[in-house]
Amino acid sequence: GSAGYLIPITADRADYALEVYVFTAGEAASPAPEVVEPEATENPSVILIETPVPGQSPSPTPTRAATATPRQAPIVTATPRAGESPIISSTAVARPRRGTVEIRILGCVDEVAAFDPANCAQAVGGFDVRLVSEEGEILELADATVGEDGLVTWQNVPLGSYLFQQPGLLPGTATYYIPDLQLANNGAGYVLTVDADEPVASFDVFNLPPSPAAAGDTALLDSDADGLPDADETAVYGTDPASADSDLDGVADGAELDAGTNPLVADGPAGVDTDGDGLLDADETTFGTDPGIADSDADGWFDGAEVSIGTDPLDAASFPVG
């Protein structure tokens, strides 16, 4: 039946505004109503209203309402559905482009054969360290931040692999040991990597005293492995027996003396020492040693130290302490 209009209220349209028009019958109506038989529809679009004409009995026949001039539909502001304009959010995580290297220098009382980290203490100074990139660029200790506890931190380090070296050992120590890193093939230092997956490289560097055999022969003891015995560094040359490069100019003390330069004046490198063994590459050619390997005969002694003391750097059976 003509029960009324259907107003759909849905999640898409929670608010609904409409206007209702009522028309009179007869000549006064504008436009004039047209009497028609109602069509049987399940959902009529117009409600039929019986209006009595003056002087006549009400007609049982309903009249169809005239079609009025349509008015512009009001603007309906609907709340957008959540799925109509989805916000695209990326799950990608920004990967770091630079990293950090932080180290601690610890002095130990036991030599390498009896190494025990429990017998080591962190040093706050008295050492020199550096990083060498694959392109040969050097990050010195001066480029790092040193905390009050001695923690050395290089920040904003370009990603890549580096060679860690400690040219200046703690007093009374003869070598350094990093159990968490791989020793370079040429023995010139330890290799570390800073990449996007692990942008922070953190490790401990243990400075170890000389072995008892080496310590027993003080005339041959070379704590910093710069090619000069400690006794000569202190009494003859005035260099630092705990630093392989006393003037920090990139050339070991023994190599500078061999080249005729002053190991106490940073006057620039007199040549290139690729493997850091105390012998310039040009001199290694003279002695027949390998400029890319610090210990050519793998007897535990740098080539420069053997040449300085007088043993054969190409013979594993010839070494300073025998």
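Colleague: Okay, which strand does Gln166 lie in?

Modeller: Gln166 sits in strand β7, residues 160-168; strands here are DSSP runs of E, at least two residues, numbered from the N terminus. Bear in mind that this is a predicted model, where local features need pLDDT of at least 70, side-chain atom pairs count only at pLDDT 80 or more, and totals for chains, interfaces and linings use all residues. Residues are numbered from 1 along each chain as its sequence is written, and side-chain values use heavy atoms, leaving out hydrogens and water.

Colleague: Why does Gln166 count as buried?

Modeller: Buried means under 20% relative accessible area, exposed over 50%, partly exposed in between (1.4 Å probe, protein chains only). Gln166 has 5% relative accessibility, so it counts as buried.

Colleague: And why does Val20 count as exposed?

Modeller: Val20 comes in at 67% relative accessibility, so exposed is the word. Val20 is found in the segment before β1 (98-108).

Colleague: What does Gln166 contact, leaving aside neighbours within four places in sequence?

Modeller: Contact means heavy atoms within 4.5 Å, and Gln166 has such partners including Ile105, Phe127 and Tyr176. The Gln166 side chain also reaches the backbone oxygen of Gly168 at 3.1 Å.

Colleague: What is the strand order in the open sheet?

Modeller: Five strands run β4-β3-β7-β10-β9, with antiparallel pairing. Strands pair if DSSP finds at least two bridges between them.

Colleague: Why do β4 and β9 stand at the edges?

Modeller: β4 (138-140) and β9 (182-183) each have a single partner strand, so one side of each lacks a neighbour in the sheet. β9 pairs with β10 (residues 190-194) over two bridges.

Conventions
Helices (H or I, at least four residues) and strands (E, at least two) are DSSP runs, numbered from the N terminus. A polar contact is a pair of N or O atoms within 3.5 Å; within protein, one must be able to donate a hydrogen and the other to accept it, and residues adjacent in sequence count only if both atoms are side-chain atoms.
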